[in-house]
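Colleague: Could you walk me through this model before I set anything up?

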Amino acid sequence: MPVPHIHAIGTAVPAHDIHAAFVGWARARLPEGERRVFDRMAQRSGIAHRWSVLPADCSPVAPGGFYATEPHPGTAARMALYAREAPALALAAIHDLSTREPLGAITHLVVASCTGFVAPGIDQIIARELGLPGSVERTLVGFMGCYAAIAALRTARHIVRSEPAARVLVITVELSTLHLQPAQAIEPLLAMLQFGDGAAAAIVSAASHGVALGQPFAVTLPESAALIRWDITDAGFAMHLSGEVPHRIAAALADPPTVAAITGGRVVDGWAVHAGGRSILDAVAQALHLEPHALDASRAVLDANGNMSSATLMFVLARLMDAPPAHGVALAFGPGLAAEGIAFGTAAT
């Protein structure tokens, strides 16, 4: 059976850093007492920058910006931006990938995205822009949220294991900043504080260089469906991210069968954990008794980019490609509440 490998990962973010502008806009929407709490949480978020495809000539919430007036633009206007900007950002990530690994003869295209819809899909748009032949087999992983990167890599792994000559281009692209909501409560504002835009691209094949992809796994937490939600509204997609999520993740990771499913019974010497927020990373580190620097790559991605939904985990993996572990675990959380992951490393099988 061939062993699928990630050969390289390219990444891209837009040019407009919107983090500070959002913090100022959000705190002004809260009563004075809650502003102090929001400020404290923003300072402790572990996020310094978040990037947006919205025009860089002014803040999105300033006069002339996309969100300058309320009601904010409707879903149709947001999806028009998605249709234009999501393929462009994905192509920027693919260009970065091409400087690290020749694209070669792509046989399959797997694209993950949950922040927009367009038909023909962004997979078809990207294939056309790359000049890929019409025979390329396309898979679009939609609306799975933050763990969609795992679904995309898992799909690529299955393809390569069944078709040893396959060369799969995996793309994750998310434009989370297209979904700002005019909330005036602290919990949704803190949830929106985390999200930014980004794209990543990787080549997966049976060639033996790079990082091997091992066994995938999935765990769904009982009675947790309401903790993470995307609600499609007439004014974009409204994110609901409960403050209970870190606690529920920590409780799940204290369960020995869950830990066994995640580690495969091996000693794990490297972790690529979705940077869904500082509290989530802290919960994982504490529950699994990880070494102090075990999640440095995840924390660095959170600091530089915030949470880019499905693209985030790929950014973390990209930071580990130069010195990969022997037995690593890539782990992400998302709607369900579910955890999905995959083994990776120089000795992964």
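**Salt bridges and strands**

Modeller: Asp-282 has a relative accessible area of 21%, so it is partly exposed (buried means under 20% relative accessible area, exposed over 50%, partly exposed in between, with a 1.4 Å probe and protein chains only). This is a predicted model, in which local features need pLDDT of at least 70 and side-chain atom pairs count only at pLDDT 80 or more, while totals for chains, interfaces and linings use all residues. Residues are numbered from 1 along each chain as its sequence is written, and side-chain values use heavy atoms, with hydrogens and water left out.

Colleague: Which side chain meets Asp-282 in a salt bridge?

Modeller: That of Arg-299, at 2.9 Å from N to O, where a salt bridge is a side-chain nitrogen of Lys or Arg within 4 Å of a carboxyl oxygen of Asp or Glu. Arg-299 lies in helix H10 and Asp-282 in helix H9, so the pair ties together parts 17 residues apart in sequence (helices, H or I with at least four residues, and strands, E with at least two, are DSSP runs numbered from the N terminus).

Colleague: Switching topic, why is S6 described as largely enclosed?

Modeller: Because nine of the nine residues of strand S6, residues 167-175, are buried.

Colleague: And which strands pair with S6?

Modeller: Strand S4 runs parallel to S6 and is joined to it by five bridges, whereas S7 pairs with S6 in the antiparallel sense over nine bridges; two strands pair if DSSP finds at least two bridges between them.

Colleague: What does Arg-167 meet in a salt bridge?

Modeller: The side chain of Glu-101, at 2.9 Å from N to O.
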